[in-house]
Amino acid sequence: MARHIVARTTEIPPGGNKVVDIAGRDIVVFHVNGEFFALLNRCPHEGAPLEKAACVARLTSPEPGVYERSRVGEMLRCPWHGWEFDMRSGQSWFDPNRVKIRSYPVAVERGEELQKGPYVAETFPVHVEDSYVIVEI
Amino acid sequence: MSEVIDRPLRDDEKPAASRLRIVDCDVHPSLRSTDDLNEFLPKRWQHHLKEYGSHLRTPYLFTTPYPRSSPLIARRDAWPPTGGPPGSDLAFMQKQHLDPLDVEFGILQVLDLFIFSQQNLEFGAAIQRAINDWQLAFWSHRDPRLKASILVGQDGTDLAIAEIERCARIGEYIQINVSPRANEPLGRRRYWPIYERAQELDLPLGIHVGGYGGHAPTGGGWPSYYVEEHQSNAHTIAAQLASLVIEGVPERFPKLKFVFIEGGFGWIPSAVWRMDQHFERFRSEVPHLKRKPSEYVRDQFWFTTQPIDEPDEARHLRSLIEWVGIDRLLFSSDYPHWDFDDPRFAFKTPLTEAERKKIFSTNARAVYKF
Ligand code: FES
């Protein structure tokens, strides 16, 4: 597993995303409620680009007529046929064991730390005062 | 069903390498604005459109009764960067759909302005005529891959025939489209003049699901939910298939080709088995039928593939395709709508190269004579 610096934290606004190419893989990094999630940018159904997905809430109904919203912004709804996935795990809502998007570990680290470690990206100038999103593949 | 995708596209999945050369029988262009029709619409009807708009059996001008899961029922990635609704920008359609998927021919299916559901028949005929001209000027003439259909409202049969004659003289249209939700079942004799003319002109009859007729879309009444309404597309056209066959339209017009568009195909085997079974029993009720219903279906009807059925097991899709007949199926994507099918990934079942070729190209080429 290698760690890749993919963005400054300020580069991806809340609710937004950034697509990066890591080792030939199309990865999309989402920023939701202060957290970052990295997923393969292709829906496992027919391959839609997930960068265009809607970030939605989980809507459940414990009984007819009662509706509950939770985890606002943490669910991805595919831009084509609307399959829903949990951003944290990539698991689909309807068949979590069989249908999932590949997800990757994400960390946020300070430039200061990165400059000390072995991970300084050659292509990405790292500044001590910024924080960076790191995706592990 | 799907598995985790954790790999880059293989070369043979990359559009340029696969050279699918597909015929896509269901591509939806949209008006950027109704002003685009002005050059084709007489002033009288331009004013009518502005002052009265559609007269439908649904509420609200220029809306469907509810947003139906995705704004304008479109893929979220299909909104052109230049503005305007999905399907309204040719350059973007070329870049997003026609070029990467290697579409050799795309058949336009226009749904704007509730074209088949207008109750004011003269207004309906005026916008059908304008849209027929617009399809050529804005689409086919700018990209020869895109083929136009003659849209007519069959409840104004005389108006429909006049429009068919006008377009046939232009000679660029590849089929005649009528509504699956007309005032009466499609097999009724009041519609036969259209079928007769279609046969004489050797133009297939396209029947695209949707629209709002005067009847509830299911035999049980109006659905509560979109997911429920979506099921009714299949019921509606299954009923129309039965009506056409049993009222004797293919018997009377043996050279006429019918193409059912966007109704999927999972419902076909049981509909046909049932018709045959009952025909054996009730032959004397319909002595005008000389052959089994399934024989008419096998000879004169084709079905576009989208929305494709997705059984849990791939082999079930495979048998379904065989039951319907590999030569009966015409690939369609429904671009840019939310239930779009990607030709590279939608058929989650093994098909031989020869079978793929039929479904994705040669069947349609034979029906439409490309
Ligand atoms: S491609 Fe994502 S749900 Fe179909």
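This is a predicted model: local features need pLDDT of at least 70, side-chain atom pairs count only at pLDDT 80 or more; totals for chains, interfaces and linings use all residues.

Me: By what is a pair of aromatic rings described?

Reply: One gives the distance of the centres and the angle of the planes. Over all chains of this structure, a search finds 19 aromatic pairs. In one of them, the centres of the B:Phe331 and B:Phe347 rings are 6.4 Å apart and the planes lie at 50°, so this pair counts as tilted, given that edge-to-face requires over 60 degrees.

Me: Where in chain B do B:Phe331 and B:Phe347 lie?

Reply: Both B:Phe331 and B:Phe347 belong to the loop between β9 (329-330) and α12 (353-368) of chain B, so their pairing ties together parts that are 16 residues apart in sequence.

Me: Are B:Phe331 and B:Phe347 buried or exposed?

Reply: Both B:Phe331 and B:Phe347 are buried. Another pair, that of B:Tyr335 with B:Phe340, is edge-to-face, with 6.4 Å from centre to centre and 80° between the planes. B:Tyr335 has a relative accessible area of 1% and is therefore buried, and B:Phe340 is likewise buried, with a relative accessible area of 1%.

Me: Which residues do ring pairs link into a cluster?

Reply: The cluster linked by ring pairs consists of B:Phe258, B:Phe260, B:Trp267, B:Phe301 and B:Phe303.

Me: Which ring has B:Arg44 over its face, and which has the charged end of B:Arg291 over it?

Reply: B:Arg44 lies over the face of B:Trp45, at 3.9 Å from the ring centre, while the charged end of B:Arg291 is placed over the ring of B:Tyr296, 5.2 Å from its centre.

Note on methods:
Residues are numbered from 1 along each chain as its sequence is written. Chains are lettered from A and ligands numbered from 1 in the order in which they are written. Side-chain values use heavy atoms; hydrogens and water are left out. Rings of Phe, Tyr and Trp (its six-membered ring) pair if their centres lie within 6.5 Å; planes under 30 degrees apart count as stacked, over 60 as edge-to-face and the rest as tilted. Helices (H or I, at least four residues) and strands (E, at least two) are DSSP runs, numbered from the N terminus. Buried means under 20% relative accessible area, exposed over 50%, partly exposed in between (1.4 Å probe, protein chains only). A charge sits over a ring if NZ of Lys or CZ of Arg is within 6 Å of the ring centre and within 35 degrees of the ring normal.
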